[in-house]
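Biologist: I am new to this protein chain. Could you walk me through how to read it?

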Amino acid sequence: MPRYFLHIEGTFPFHDESGTELRDARAVWREALLMTRDIESSLQPGGSWTLVVKTAVATTD
């Protein structure tokens, strides 16, 4: 399964260093919604932020 990293850019940046293995785009969307709900109290009126999703596919030797 691919590992997804959800980063927040803006006034209070957060960089996901460990990532989460998720099976498909629907699971990534649900994880992004949960993360947004977790940080909503930190968001400020008039502020701007961006949720960036990056992926890394596991490799085997």
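Modeller: Buried means under 20% relative accessible area, exposed over 50%, and partly exposed in between, with a 1.4 Å probe and protein chains only. Here, buried residues make up 21% of the 61 residues in the protein chain. This is a predicted model, where local features need pLDDT of at least 70 and side-chain atom pairs pLDDT 80 or more, while totals for chains, interfaces and linings use all residues. Residues are numbered from 1 along each chain as its sequence is written, and side-chain values use heavy atoms, leaving out hydrogens and water.

Biologist: Which elements does the protein chain have, and in what order do they run?

Modeller: Helices (H or I, at least four residues) and strands (E, at least two) are DSSP runs, numbered from the N terminus. The protein chain has one helix and three strands, running β-β-α-β from the N terminus on.

Biologist: Is His7 buried or exposed?

Modeller: His7, found in strand 1 (residues 3-10), counts as buried because its relative accessibility is 12%.

Biologist: Which residues is His7 in contact with, leaving aside its neighbours within four places in sequence?

Modeller: Contact means heavy atoms within 4.5 Å. On that basis, His7 touches Phe14, His15, Asp16, Thr50, Leu51, Val52 and Lys54.
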